[in-house]
Amino acid sequence: MTKKIALVTGGSRGIGAATAQLLAQQGIQVVINYQKNQLAAEQITDSIIAQGYQAIAIQADVSQEEQVVELFKQIDVLDGKLTMLVNNAGILMQQSPVSELTAERINKILSNNVTSYFLCCREAIKRMSPNNGGQGGAIVNVSSAASRLGAPNEYVDYAASKGAIDSLTKGLSLEVAAENIRVNSVRPGFIYTEMHADGGEANRVERVKENIPMKRGGQPIEVAQAITWLLSEQASYVTGSHIELAGGK
Ligand code: NAP
């Protein structure tokens, strides 16, 4: 039987690393994409392999078209078929009101959080589509509760980039539904990862947790479990949907 391959962009840390770990435990060969932190990528890859599962780390800045094309070419030569994509790599920047945002920053957020997802979807559906000899597949886009909460005075640019991902998920799901490709998203809220430090507030989840109905932040594994369910056969009739993972917020 052909082996299944899953690409997890930004799989070296946080939510992506937890997802890569869970997928590998299901017998899926996981491609762990990362941008800069080679050590983190190697640590999660080595840990998966040490448990007897299959993983490979591939560096690529997914905001850059030629690097995305090259990433997928490297996947093409692996033993197996790409049937799953988790668009997860994303960034946010220093907390700031809209009145202080520059075009350079806004474009950086959009290229990293939106263009990257489009490019990876494009390359993935080319390979998954039965029109090109594929077997269908499943894509999960990691959006954010910020797309509906707006992140005022923190990062409205980031929130807007996730709003775009909600639209991408809906539109693409309709485009490829008849090709046996499902496209869904998760919308995490306040998850304990290193991302908040990039916004200038490493302890952000601790600060806001009293305002979360469940009175706590989420763990990366709690998001990973929803992502892997959406990718699985158990979600075989689910497309164009999203799962909220924000403790009731
Ligand atoms: P994180 O801990 O900061 O990890 C980010 C990952 O993305 C790293 O693996 C990083 O690679 C990679 N990455 C960033 N830009 C990249 C690029 N251009 N090309 C390739 N890889 C890139 O983030 P996280 O908190 O797990 O977030 C993962 C996703 O969940 C993001 O889309 C984020 O917006 C979303 N999310 C997070 C939260 C939260 O509370 N944490 C809430 C809602 C949504 P390197 O290690 O090489 O830097």
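Reply: The side chains of Asn 141 and Asn 87 are joined by a polar contact of 3.1 Å. A polar contact is a pair of N or O atoms within 3.5 Å; within protein, one atom must be able to donate a hydrogen and the other to accept it, and residues adjacent in sequence count only if both atoms are side-chain atoms.

A word on the model comes next. It is predicted, so local features need pLDDT of at least 70 and side-chain atom pairs count only at pLDDT 80 or more, while totals for chains, interfaces and linings use all residues. Residues are numbered from 1 along each chain as its sequence is written, and side-chain values use heavy atoms, with hydrogens and water left out.

Asn 141 belongs to strand β5, residues 137–142. Helices (H or I, at least four residues) and strands (E, at least two) are DSSP runs, numbered from the N terminus. Asn 141 counts as buried because its relative accessibility is 0%. Buried means under 20% relative accessible area, exposed means over 50%, and partly exposed is in between, with a 1.4 Å probe and protein chains only. Another strand residue can be read in the same way: Leu 7 is part of β1 (residues 4–8), and with 0% relative accessibility Leu 7 is buried too.

Now to the ligand itself. The ligand is surrounded by 32 residues, and the closest are Ser 12, Lys 36, Asn 88, Tyr 158 and Thr 193. A residue is near a molecule if one of its heavy atoms lies within 4 Å of it. Several elements take part in this shell: α1 (14–25), β2 (29–34), α4 (103–128), α6 (156–176) and α7 (195–198) each give at least two residues to it.

Some distances to oxygen atoms of the ligand can be listed. An N or O atom in the side chain of Arg 13 is 2.8 Å from an oxygen atom of the ligand. For Ile 15, a polar backbone atom is 2.9 Å from a ligand oxygen. Lys 162 has a polar side-chain atom that also lies 2.9 Å from an oxygen atom of the ligand. On its own the ligand has 910 Å² of accessible area, and the protein covers 97% of that. Such areas come from the Shrake-Rupley method with a 1.4 Å probe, and for residues only the protein chains shown count as cover.

The space taken by the ligand is the largest pocket. Pockets are found on a 1 Å grid over the protein atoms alone: a pocket is an open set of points with protein on both sides within 12 Å along at least five of seven lines, and lining residues have an atom within 4 Å of a point. A molecule sits in a pocket if more than half of its atoms lie within 2 Å of the grid points.

Tyr 158, one of the closest residues to the ligand, also has an aromatic partner. Rings of Phe, Tyr and Trp (its six-membered ring) pair if their centres lie within 6.5 Å; planes under 30 degrees apart count as stacked, over 60 as edge-to-face and the rest as tilted. By this rule there is one aromatic pair. Its members are Tyr 155 and Tyr 158, arranged edge-to-face at 5.7 Å centre to centre with 70° between the planes. Tyr 155 is buried because its relative accessible area is 3%, and Tyr 158 is buried because its value is 9%.

Arg 148 is partly exposed because its relative accessible area is 36%. In the loop between α5 (146–149) and α6 comes Ala 151, whose phi is near 50°, a positive value in a residue other than glycine. Ala 151 is buried, at 8% relative accessible area.

Helix α7, one of the elements in the ligand shell, holds His 196. His 196 counts as buried because its relative accessibility is 6%. His 196 and Ile 91 are 105 residues apart in sequence, and their C-alpha atoms are 9.6 Å apart in space.

Technical notes: On a 1 Å grid over the protein atoms alone, a cavity is a set of points where a 1.4 Å probe fits but cannot get out, and a pocket is an open set with protein on both sides within 12 Å along at least five of seven lines; lining residues have an atom within 4 Å of a point.
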